[in-house]
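I opened the notebook to go through one structure, topic by topic.

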Amino acid sequence: MLKRIRMYFRSTFVRYMLSYVLIMMLLMGCVMGYAYFYCRKTIYQTTETGEINRLASARYQSERLAGTLENLAARLSVSAQAGDEAALSRALATAGETGEWFDRAFVYLRGAAELDSADGRLPVRALGYENLDAETLEALLRADDAQVIACQPVSVNGAEPARYLTYLFPLGAGDAKPVGCALFLLSEERFRPLLEDEVGGGCNRYVLKDGETVLAGETFSLSERYLPGALREAEETETYVRRIAGRDYLFIAMPGSRLGLSYYSVMSLNGIYAAAATGWVSFAAILLIFFVPSLIFMIVISRRNYLPIREMGAQFAAGAQDDDLRAIQAGIHDLLGRNRDLDSQLARSLPARRALFVQNLVRGRYVSAEEARAAARTADVDIDHACFAVMLLGEPRGASVDPAKLIALAPAGVFPAAAELIAHEQMLLVVFADNSGPIHDYAVALTRSETVRASRVPVAVSDVHADVSEMPTAYLEATSAYESRFVMGDSRLLSFRDISLPARSVPPQARAYVDDVKRALEGGDAGEINGKLDELVTYLRTADMSLYAFRQIYNEVIVDVMSLCGLPDGSDLLKYYDLFSLSDCRSIDELDTILRRVCAGAIRENPREQARPLIHDLMNDMLANYADPAFTMAGLADRFNISTTRLTVEFKEHLNMTPSDYLTSLRMEHTKRLLRQTDRPIKDICAEVGYGDVSSFIRRFKQYAGATPAQYRQGAQGGDAEK
């Protein structure tokens, strides 16, 4: 039983299935991890932004109320300065009729021992504050500026105490010394909408005056021992995190504009992250539900992949189904051994050496006549003759022509060598002779042979050439003649000479474009090379020339690319360019693809040092001008006479970032240096690094550095440590 289980888990099917499952689990783990951190970040930012907005709304309502009370005090000042106590009482009664702005109002006139109210007079000491003695209260009543007394239980004339927040405004006009003050009592319930947590996420709000809490609304208990130090004064709205009693809290500080009040929100990060975890759990549940059909799909795919593997394993080694992969591996090793033996036999085979020599000769692999002669001697091919031509014979579909029979037809003084082009279904012949007459006679003999007459395959012949370096040109001529078979009647002999002169000629204008490409190659500037290639392709798209002329131009440029770039000895040119693939091209796009691949590969392997890349000049220009507010990517591209697309490609290829990202990094790093080394205002730094809007600058800096400029400066210059 245990052996059967072990064999089952060693089976190819289980291996496939387990590999798919492991990949799926790894993918799900990565997605869930990303989703978790994304949820935390998103919930945190959303919560922070929402609470800033709510705190700003509470500040607006509080300051609007304070402004209204100050206006009421100004109206009371008129009666108080006139000393008209009856008018003062009527004004107090009128102000308190609606009860919209305050619960109780009193007027204190200096030198008096009583307070005036809408209900009459009462002694100053009739106001009993839980945390304020009578002497301190009287001192506040005689103050020359507005005051706020913290919310606390207050007893009015011996009545049951109630929690009130007290506003005191001096009574007076202009620079005249106040004659008294107006005292407004507002119940704590009035501030409940400002202080309560509307969204239920656990939030405390505080109002401070000179570092002392005057009003508080709490949904969770916060240690009073650490709170005063954590609620720090702020000159602008800011957020920060403090650890209190082992827990992290998010603080939002917002300065007010009236009475020296500041407004604060405190939220537990544990609560924020708990909300993020809830959203993540929902997402994870959806992924787990998705995992079930995915698992079924993986089982089906594993089984479909397993069946052909099992059949292949049985073919390689019968009875080895318990480990099909090992059986296939053993079979492949056996096949490789047989192939090596076959290659060894082919290397010793003279026909195989001759076929390889012919293909290399036509491709232009031999850079000199001496090198070609040395290779010819190895293949036992006689090429020491005055002229040569290339011939192509079409092979019947599904059959092949015996090269030995074709070579046997050669008359005296003609020395052919053959190679089969299997992919093209053609037989390639390179024919050498001392003059052109025997070459023509051989071509005629081929057309009259039984093989050609029976299969009706054509024989295409190039012009006669004398220089071996023209072998690729001769092959392209033979290819062009072969491709004209459909317009040359029933003739079995297709000669390049019979093609019309325009079809055999390369226009002089094309030569000029080719020369421009050569000069760009000699300069080694990749940008200039691409530009000249673009000009050449544009010309060829509009020019009226034959396919042979197109191929001849491209072959000439490609050969020059590989020679001018000085490829090292032994480099595999065929991985960039093969003349036979060029003869298959039927459109300018196909030709252009081959040409650009050759240029890119050859330049990449060029051992000589190239001209300085364009990216260096672009980076230097940005370094010199990034602080200019008018700096744009379009302007940068115009200065270097390139497109914005080319600009983006240069940066992504060399720096793996966009030009805009690089510009931002230059500006932000300069900002960091100024924040660390100077005390200059944020607004001045913003302008110096090229930003016109301060809020946009602060937002961009926070995205880049993870903190606002003020927070970064405080941390860099040794700000207060976290509690």
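**Entry: cavities.** I needed the term before the search: a cavity is a set of grid points where a 1.4 Å probe fits but cannot get out. The model I searched is predicted. How many cavities of 30 Å³ or more does the whole structure hold? I found 2. I then took the largest cavity, which has about 90 Å³ of space. I listed its lining and got 16 residues. Closest to the centre are Leu-194, Leu-195, Val-207, Leu-215 and Tyr-263. By class, the lining divides into 14 nonpolar residues, 1 polar and 1 charged.

Which elements give two or more residues to this lining? I noted α2 (12-82), β6 (162-171), α5 (192-195), β8 (203-209), β9 (212-217) and β12 (261-268).

**Entry: the open sheet.** I followed β8, β9 and β12 into a sheet of 5 strands. I read the order as β9-β8-β12-β11-β10. The sheet is open, and the pairing is antiparallel. I reminded myself that strands of a sheet pair through backbone hydrogen bonds, either parallel or antiparallel. Which strands sit at the edges? I found β9 and β10 (238-244) there, each pairing on one side only. From one strand to the next, the twist averages 25°.

**Entry: β10 and β11.** I counted 7 bridges between β10 and β11, in the antiparallel sense. One pair I wrote down is Val-241 with its bridge partner Leu-250 in β11. The two strands form a hairpin, with 2 residues between them. Ala-245 lies in the turn, and its phi is positive, about 50°.

Is β10 enclosed or open? I found 5 of its 7 residues buried, so β10 is largely enclosed by the rest of the structure.

**Entry: β11 and β12.** Strand β11 covers residues 247-255 and runs antiparallel to β12. I counted 7 bridges here too. Ala-253 stands opposite Tyr-264 in β12. Then I looked at the loop between β11 and β12, where Leu-259 lies. Leu-259 is not a glycine, yet its phi is positive, about 60°. Its relative accessible area is 17%, under the 20% cut-off, so I filed Leu-259 as buried.

**Entry: another positive phi.** I also noted Asp-380, with a positive phi near 60° in a residue other than glycine. Asp-380 is in the loop between α10 (369-379) and β13 (387-394).

Entry: Is α14 covered or open? It is mostly covered, with 12 of its 13 residues buried. Among them are Met-471, Tyr-475, Glu-477 and Tyr-482.

I ran the check again on α26 (residues 694-705). Its 12 residues should span 16 Å, and the end C-alpha atoms are 16 Å apart, which agrees. Gly-706 follows α26 and has a positive phi near 80°.

- Trp-101 is in the loop between α3 (85-95) and β1 (104-109). Its relative accessible area is 21%, so I put Trp-101 down as partly exposed. Trp-101 and Leu-185 are 84 residues apart in sequence, and their C-alpha atoms are 9.6 Å apart.
- Ala-352 is in helix α9 (residues 350-363). I read 24% relative accessible area, so Ala-352 is partly exposed. Ala-419 is 67 residues away along the chain, with 8.5 Å between the C-alpha atoms of Ala-352 and Ala-419.
- Lys-672 is in helix α24 (residues 659-677). Is Lys-672 buried or exposed? It is buried, with a relative accessible area of 16%. Lys-672 and Tyr-712 are 40 residues apart in sequence and 8.0 Å apart in space, C-alpha to C-alpha.

How values were computed: Residues are numbered from 1 along each chain as its sequence is written. This is a predicted model: local features need pLDDT of at least 70, side-chain atom pairs count only at pLDDT 80 or more; totals for chains, interfaces and linings use all residues. Side-chain values use heavy atoms; hydrogens and water are left out. On a 1 Å grid over the protein atoms alone, a cavity is a set of points where a 1.4 Å probe fits but cannot get out, and a pocket is an open set with protein on both sides within 12 Å along at least five of seven lines; lining residues have an atom within 4 Å of a point. Grid points are joined across faces, edges and corners, and a volume is the space filled by probe spheres set on the points. Helices (H or I, at least four residues) and strands (E, at least two) are DSSP runs, numbered from the N terminus. Ala, Val, Leu, Ile, Met, Phe, Trp, Tyr, Cys and Pro count as nonpolar, Asp, Glu, Lys and Arg as charged, and the others, Gly among them, as polar. Two strands pair if DSSP finds at least two bridges between them. Axes are lines fitted to C-alpha atoms, for helices over the stretch in contact, and angles run from 0 to 180 degrees between N-to-C directions. Buried means under 20% relative accessible area, exposed over 50%, partly exposed in between (1.4 Å probe, protein chains only). The expected span of a helix is 1.5 Å times one less than its number of residues.
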